[in-house]
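I'll look up pairs and jot down how accessible their partners are.

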Amino acid sequence: MSYSIREMRKEEYSLLSDFLYEAIYIPAGTAAPPKSVITCPELQIYIADFGNSKHDKALIAEIDGNIVGAIWARIMNDYGHIDENTPSLAMSVLKAYRSMGIGTSLLTQMLSTEKAAGYAKLSLSVQKDNYAVKLYRKAGFTTVCETDEEYIMIVDLNSICKMEEENGF
């Protein structure tokens, strides 16, 4: 399946709420929370007033004019917060389009974009059981902190070129 990665346009920022909901990890056998969960302050920090800061950046994956995935970064005091100079990432791909390389492409492009913008590293928070942990590790993220349920991970953007060569990105 052919897809393209591009910068998210301002008029598309409202779609981030849908992708934020899709980014919520739901373990097998667990009921999905109501969509209203994204109105909680600890989740709204990922999308509220997106685009109003110079640190806000979003990319999307598109197939036949339909947006099927999104990755976005901003400096925020979220679950993956490291410091005031490190953007945190969030990403999701619609279920029907997972395991097709779209998430890898989104992540690879965002790492390159943020490196070109002058950031030294990026951070994220991910549930330990989430299959995306493998994707993040392959992309060069390492665990810097963990709780019973989550990893806080960072990637050194200055080592991206080396990781891309080693992992075939």
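Is Lys128 buried, exposed or partly exposed? I looked it up in this predicted model: Lys128 has a relative accessible area of 25%, so I put it down as partly exposed.

Next I checked what Lys128 pairs with. Its side chain meets that of Glu146 in a salt bridge, 2.6 Å from N to O. I traced where the two sit: Lys128 is in the loop between strand 5 (121-127) and helix 4 (132-138), while Glu146 belongs to strand 6 (residues 142-146). That links distant parts of the chain, 18 residues apart. Glu146 comes out partly exposed too, at 47%.

Then I went to Glu62. I found its side chain in a salt bridge with Arg6, at 3.1 Å, N to O. Glu62 lies in strand 2 (residues 57-63) and Arg6 in strand 1 (residues 4-7), so this pair ties together parts 56 residues apart in sequence. Both Glu62 and Arg6 are buried.

Arg9 was my next stop. Its side chain and that of Glu12 form a salt bridge at 3.3 Å, N to O.

Which residues end up in one network through shared partners? I noted Arg6, Arg9, Glu11, Glu12 and Glu62, joined by salt bridges.

Definitions and conventions. Residues numbered from 1 in each chain as written. Predicted model: local features only at pLDDT ≥ 70, side-chain atom pairs only at ≥ 80, totals over all residues. Heavy atoms only, no water. Salt bridge = Lys/Arg side-chain N within 4 Å of Asp/Glu carboxyl O. Helix = DSSP H or I, 4+ residues; strand = E, 2+ residues; numbered from the N terminus. Buried < 20%, exposed > 50% of the residue type's maximum accessible area, 1.4 Å probe, protein only.
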